[in-house]
Amino acid sequence: MRFRQPCWGPALSLILAASVGASDPFGALGMSPAGSGTTLPAFSLTTLDGQVIRSKDQSGKIVLLNFWATWCVPCREEMPSLERLRRQFDSNTFTILAITADRQQAAVKAFMRQQGLGFPTLLDEDGEVSRSFMVRALPATVLIGHDQKQIGRVVGPRAWDSPEAVALIRRLLARPNSARDR
């Protein structure tokens, strides 16, 4: 039998949070160390408003890359929690980049405006960036450290404004060598 992970992601996250506890915010979020220590693949993508965002320009920040699409219901459901997380941190030290698989820019713009989402949405029109991060299901999230190395990844929706997620970002911001803090 084949399960669609995004459907059971929230339940799994709650089970893991209960069993792991707040002492391990990575585990509490069900975040895998897969790819940890790997340098961020170089990319240059355009936002909905035409601005070019380059991965190399994110150096020194903690970056949360969220791969999503408007047609993905779990993706849509987790977006407000990403916005609430974004609002808790200084954009000079922590940033969220939403990378969409959508081809319909008008639908993405309308969704972002309707939800009041303030983080950049990048257009991965050819799917190259998603492939470079080995994204196989949506939503998928990859955390990148100050040193532009991957820290961890998770597939499926999460409550990104949960105490565990906030604690994780605070922990990463407090330690410049975040990839080694696992």
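In which sense do β3 and strand β4 pair, and over how many bridges? The two strands, β3 and β4 (residues 94–100), run in the parallel sense and are joined over 7 bridges; strands count as paired if DSSP finds at least two bridges between them. Within this pairing, F67 has I99 of β4 as its bridge partner.

The model is predicted: local features need pLDDT of at least 70, side-chain atom pairs count only at pLDDT 80 or more, and totals for chains, interfaces and linings use all residues. Residues are numbered from 1 along each chain as its sequence is written, and side-chain values use heavy atoms, with hydrogens and water left out.

The protein chain has 6 helices and 7 strands. These elements are DSSP runs numbered from the N terminus, helices being H or I with at least four residues and strands being E with at least two. Along the sequence, their order is α-α-β-β-β-α-β-α-β-α-β-β-α. Of the 182 residues in the protein chain, 49% are buried. Buried means under 20% relative accessible area, exposed means over 50%, and partly exposed lies in between, with a 1.4 Å probe and protein chains only. Among contacts with a separation of 6 or more, 72% are between residues 24 or more positions apart; a contact means heavy atoms within 4.5 Å.

Strand β3 covers residues 62–68, and because 7 of its 7 residues are buried, the strand is largely enclosed by the rest of the structure. Both of its faces are covered: one carries I62, L64, N66 and W68, the other V63, L65 and F67.

Helix α3 (residues 73–86) belongs with β3 and β4 to a right-handed β-α-β unit. Right-handed means that, with the strands pointing away from the viewer, the path from the first strand over the helix to the second runs clockwise. The helix has 14 residues and reaches 21 Å from its first C-alpha to its last, close to the expected 20 Å; the expected span is 1.5 Å times one less than the number of residues. A kink of about 30° lies at M79, shortly before the proline P80. The bend at a residue is the angle between axes fitted to the seven residues ending there and the seven starting there. The buried residues of α3 are P74, C75, E78, M79, S81, L82, E83 and L85.

The largest nonpolar core has 49 residues, and F43, L65, F67, L85, F133, L143 and W160 have the most contacts inside it. Such a core is a set of buried Ala, Val, Leu, Ile, Met, Phe, Trp, Tyr and Cys residues joined through side-chain atoms within 4.5 Å. At least two residues of this core come from each of β3, α3, β4, α4 (105–115), β5 (121–123), β6, β7 (150–155) and α6 (163–174). The largest share, 6 residues, is supplied by β3. Leaving aside neighbours within four places in sequence, the contacts of W160 include L64, E78, S81, L82, L85 and A165.

Two further strands form a hairpin. Strand β1 (residues 44–47) pairs with β2 (residues 52–54) in the antiparallel sense over 3 bridges, and T46 stands opposite V52. There are 4 residues between the strands, and G50 in the turn has a positive phi of about 90°. Strand β1 also pairs with β5, antiparallel over 2 bridges, with L122 of β5 as the bridge partner of T47.

The loop between α4 and β5 holds P120, which counts as partly exposed at 27% relative accessibility. P120 and I96 are 24 residues apart along the chain, yet their C-alpha atoms are separated by 7.2 Å. Apart from neighbours within four places in sequence, P120 is in contact with T47, I96, L97 and A98.

Some backbone details remain. Most residues other than glycine have a negative phi, and most peptide bonds are trans. L138 and P139 are joined by a cis peptide bond with omega of about -10°, and P139 lies in the loop between α5 (128–132) and β6. M134 is also placed in the loop between α5 and β6 and has a positive phi of about 55° although it is not a glycine. Q148, in the loop between β6 and β7, is likewise not a glycine and has a positive phi of about 65°. With a relative accessible area of 54%, M134 is exposed, whereas Q148, at 16%, is buried.
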